[in-house]
Every structure is written in structure tokens, then in C-alpha cells.
Amino acid sequence: MSDIAGRRMQRVCFQLQVKPERLTEYRERHAAVWPEFLHELARTGWHNYSLFVRDDGLLIGYFETSDLAAAQAGMAETSVNARWQAEMDDFFEALDGRPDEGFLHLTEIFNLDDQLAHAASVTDPGETT
């Protein structure tokens with residue numbers, strides 16, 4: 001997957017557990033995220049970022065970036081990220097570190113677009129020309 005500038009984009013999926021008793025407030029906070037925080041996410045390389053949550057608090061996040069370490073480091077340098085992470089810290093169970101660094105990174109094992117691109121580049125051995 002490439003972005004507009006032609007750089008290879010990494011798809012990142014992660015898991016966190018929101019405390020069930022804090023889930024309503026967590027949803028409310030994400031309905032009105034601070035504009036400064038949103039702009040810094042985009043500026044530091046967090047693209048197509050979405051969060052999904054179950055009613056029991058299981059949270060799955062997804063974003064695309066050209067460099068995960070650089071995107072995380074870029075946000076770590078911003079004062080708005082420090083404030084946001086401090087606000088969000090108490091919403092999660094069993095968190096090792098700040099929410100933006102302590103999430104469980106999930107390994108991608110299948111992507112339809114990648115598979116289709118690969119299939120199109122491979123000649124079918126049963127095909128005749």
C-alpha cells in the first residue's frame with residue numbers, strides 16, 4: 001500500500017481494554033477529540049486512524065503510517081499528546097505504559113488488496129497464451 005507521495009504505508013492494528021465502567025465517558029471523549037490533537041496526529045504520520053470498541057470495552061485501533069516508530073516519536077514530542085495520554089491513562093485496564101505506547105500490536109496476516117495485487121502479478125500455470 002502506498003500513500004500519495006509513493007511511500008510504502010504500514011497498516012497498524014492494535015488492541016486495548018477500556019474499563020467497562022468508564023466506557024460511556026471514553027466514547028464521549030472520542031466524540032469530541034481536541035482539534036490540536038487531531039492536527040498533530042495527521043502531521044506526525046497517523047493516517048486513516050479509526051477506533052472500534054465492543055460493549056465489554058475491547059478496543060481495536062487501526063491506522064496507516066509510513067513509519068510507526070517515527071509516528072510515535074513525533075507524537076511523543078508534542079505537549080498536546082502528553083496532556084491527552086494523561087487524560088486517557090485511567091480509562092484502560094492492564095496498561096503497560098502510556099496508551100499510545102502500551103497497546104498490543106496485532107500482526108496482519110491477510111489483506112485483500114495485497115493478495116489481489118500479488119495474484120495479478122503471477123501468471124496462472126494452467127493458462128495458455
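Modeller: Before we start, helices are DSSP runs of H or I with at least four residues, strands are runs of E with at least two, and both are numbered from the N terminus. This is a predicted model, with residues numbered from 1 along each chain as its sequence is written, and side-chain values use heavy atoms, leaving out hydrogens and water. Local features need pLDDT of at least 70 and side-chain atom pairs count only at pLDDT 80 or more, while totals for chains, interfaces and linings use all residues.

Biologist: Okay, how many helices and strands are there in the protein chain?

Modeller: Five helices and four strands. Along the sequence, they come in the order β-α-α-β-β-α-α-β-α.

Biologist: What makes something a pocket?

Modeller: Picture a 1 Å grid over the protein atoms alone: a cavity is a set of points where a 1.4 Å probe fits but cannot get out, whereas a pocket is an open set with protein on both sides within 12 Å along at least five of seven lines. Rolling a probe the size of a water molecule over the atoms shows where empty space is left. The largest pocket here has a volume of about 360 Å³. That volume is the space filled by probe spheres set on the points, which are joined across faces, edges and corners.

Biologist: Which residues that line the largest pocket are the closest to its centre?

Modeller: His30, Phe37, Tyr49, Leu51 and Trp84, out of 22 lining residues. To count as lining, a residue needs an atom within 4 Å of a point. H4 gives the most to that lining, with four residues.

Biologist: How many nonpolar residues does the lining of the largest pocket have?

Modeller: There are 17 nonpolar residues, plus four polar and one charged. Ala, Val, Leu, Ile, Met, Phe, Trp, Tyr, Cys and Pro count as nonpolar, Asp, Glu, Lys and Arg as charged, and the others, Gly among them, as polar.

Biologist: Why does Trp84 count as buried?

Modeller: Buried means under 20% relative accessible area, exposed means over 50%, and partly exposed is in between, using a 1.4 Å probe and protein chains only. Trp84 has 6% relative accessibility, so Trp84 counts as buried.

Biologist: And what is Trp34 called, with a relative accessible area of 29%?

Modeller: Partly exposed, because 29% falls in the in-between range.

Biologist: Why is the pair of Trp34 and Trp84 called edge-to-face?

Modeller: Rings of Phe, Tyr and Trp (its six-membered ring) pair if their centres lie within 6.5 Å; planes under 30 degrees apart count as stacked, over 60 as edge-to-face and the rest as tilted. These two rings have centres 5.0 Å apart and planes at 85 degrees, so the pair is edge-to-face. Trp34 sits in the loop between H1 and H2 and Trp84 in helix H4, so the pair ties together parts 50 residues apart in sequence.

Biologist: Then how do you know that the pair of Trp46 and Phe63 is stacked?

Modeller: Their centres are 4.2 Å apart and their planes are at 25 degrees, so the pair is stacked. Trp46 is buried at 6%, and Phe63 is buried at 0%. The structure holds 10 aromatic pairs.

Biologist: How do you know that the buried residues of H2 line one face of the helix?

Modeller: The buried residues of H2 are Phe37, Glu40 and Leu41. Seen down the axis of H2, they fall within an arc of 105 degrees, so they line one face. The arc is that of the directions from the helix axis to the C-beta atoms. On the face turned away from that side, H2 carries the exposed residues Pro35, His39 and Arg43.

Biologist: Which residues are buried in H4?

Modeller: Val80, Asn81, Trp84, Gln85 and Met88. They cover an arc of only 130 degrees around the axis, which puts them on the same side of H4. They pack against H1, H2 and H3.

Biologist: What makes Lys19 count as buried?

Modeller: Its relative accessibility is 19%, and that is under 20%, so Lys19 counts as buried. Lys19 lies in the loop between S1 and H1. Leaving aside residues up to four places away in sequence, Lys19 touches Asp90, Phe91, Phe92 and Glu93, where contact means heavy atoms within 4.5 Å.
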